[in-house]
Amino acid sequence: MIHLTRKCEFSASHYYHNPEFTPEENQRIFGKCANLNGHGHNYTLEVTVKGEVDPTTGFVVDLKRLKDILNDEVVEAMDHRHLNKEVPEFANQIPTTENIAVAIWNRLSSKLCTAKLHRVRVYETPDLFVDYYGEQ
Amino acid sequence: MKVHLTRRYMIAASHRLHSDKLSDADNRETYGKCNNPHGHGHNYVIEVTVSGQVNPRTGMVCNLADLDECFRREVMDRFDHQDLNTRHEFAAQVPTTENFAVVIYDILKREFHGAHLEKVRIEETANNSFEFCGLAQLS
């Protein structure tokens with residue numbers, strides 16, 4: 001079993017707001033992130049897949065194929081976009097780093113053929129990241 | 001929907017590796033430069049990993065502001081810009097980064113209740129890191 005990790009980056013804006021909360025609750029719970037004008041981050045995504053090495057190719061996964069999937073499902077969908085307003089998963093849930101990691105997992109897991117998705121890690125900043133290993 | 005969240009913090013502190021159970025010669029042999037009588041310092045990077053279900057109302061495992069505040073109060077205020085050897089936590093043990101990781105893990109386990117504490121990882125330098133996941137992981 002081999003684990004392989006591919007990184008990519010995307011820049012996006014977001015804000016945290018729960019319409020069921022009062023303005024005071026949103027402010028207290030989410031602080032600066034509740035500013036409805038939004039703010040942005042340079043996100044770094046690390047996707048780790050796992051599998052056996054194919055004896056013919058020596059690959060655990062076709063990196064070109066993985067790169068294309070990341071580009072189609074994440075970069076095209078999220079790079080230079082407003083997550084709350086342009087990414088369907090966040091129409092009804094808050095685009096926290098936790099939810100972004102889960103959304104990316106759900107986008108990727110069904111697209112992989114040979115290797116299995118092991119971990120999605122999303123860095124919001126170099127000092128804050130989230131790991132998701134799927135439903136355990 | 002269990003998610004792991006990791007936050008990195010930095011503190012600066014000095015220490016000297018010296019065991020009262022060893023002779024001076026053995027201390028020098030064991031700890032090398034780290035046994036220098038006047039001590040030395042590091043910028044410690046401390047990664048705290050917590051886990052839990054994502055709260056559907058907030059989208060969060062825990063409120064980051066609460067974790068930051070707990071870390072500032074319980075770790076930063078105790079150890080930042082301090083000589084670790086003078087702290088009571090190291091009165092009976094050598095302030096290696098192994099022991100430092102266990103000390104910080106135990107403090108956060110006791111004081112932070114916003115999510116499950118998974119791991120404390122400390123980078124003493126860019127080339128050395130130590131992590132402690134609690135005693136359950138050792139069995």
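**Strand pairing, helix packing and the A–B contact**

Leaving aside residues up to four places away in sequence, Arg6(A) touches Val47(A), Leu63(A), Leu66(A), Lys67(A) and Leu70(A), where contact means that the C-beta atoms, placed from the backbone, lie within 7 Å. This is a predicted model, so to speak of local features takes a pLDDT of at least 70 and side-chain atom pairs count only at pLDDT 80 or more, while totals for chains, interfaces and linings use all residues. Residues are numbered from 1 along each chain as its sequence is written, with chains lettered from A and ligands numbered from 1 in the order in which they are written.

Arg6(A) sits in strand β1 of chain A; strands (E, at least two residues) and helices (H or I, at least four) are DSSP runs, numbered from the N terminus. Arg6(A) has 15 C-beta neighbours inside 10 Å and therefore goes down as partly exposed, the class between buried (20 or more other C-beta atoms within 10 Å of a residue's own) and exposed (12 or fewer), again with C-beta atoms placed from the backbone. In sequence, 43 residues separate Arg6(A) from Val49(A), yet C-alpha to C-alpha the two are 8.5 Å apart in space.

That takes us to the strands of chain A. Strand β1 (residues 2-14) of chain A runs antiparallel to strand β2 (residues 39-51) of chain A, and 13 bridges link the two; strands pair if DSSP finds at least two bridges between them. In this pairing, Leu4(A) has Val49(A) of β2(A) opposite. β2(A) is also joined, antiparallel and through seven bridges, to strand β4 (residues 116-125) of chain A. There, Thr48(A) faces Arg119(A) in β4(A).

On to the helices. In chain A, helix α2 (residues 63-78) packs against helix α4 (residues 97-109) at an angle of about 135°, the axes being 10 Å apart. Axes here are lines fitted to C-alpha atoms, for helices over the stretch in contact, and angles run from 0 to 180 degrees between N-to-C directions. α2(A) and α4(A) are therefore oblique to each other, oblique being what remains once angles under 35 degrees are called roughly parallel, over 145 roughly antiparallel and 65 to 115 roughly perpendicular. The contact brings Ile69(A), Glu73(A) and Val74(A) of α2(A) up against Ile104(A), Arg107(A) and Leu108(A) of α4(A). By class, that makes four nonpolar, no polar and two charged residues; Ala, Val, Leu, Ile, Met, Phe, Trp, Tyr, Cys and Pro count as nonpolar, Asp, Glu, Lys and Arg as charged, and the others, Gly among them, as polar.

In chain B, helix α2 (residues 64-79) and helix α3 (residues 97-111) pack at about 130°, with axes 10 Å apart. That makes α2(B) oblique to α3(B). Cys70(B), Glu74(B) and Val75(B) come from α2(B), while α3(B) supplies Ile104(B), Ile107(B), Leu108(B) and Glu111(B).

Finally, the two chains meet through 18 residues of chain A and 16 residues of chain B. On the chain A side, α4 and β5 (128-132) are the elements that give two or more residues, and β5(A) gives the most, with five. That side splits into eight nonpolar, six polar and four charged residues. β5(A) also runs antiparallel to strand β1 (residues 2-15) of chain B, joined by five bridges. One of the bridge partners is Arg7(B) in β1(B), which goes with Leu128(A).
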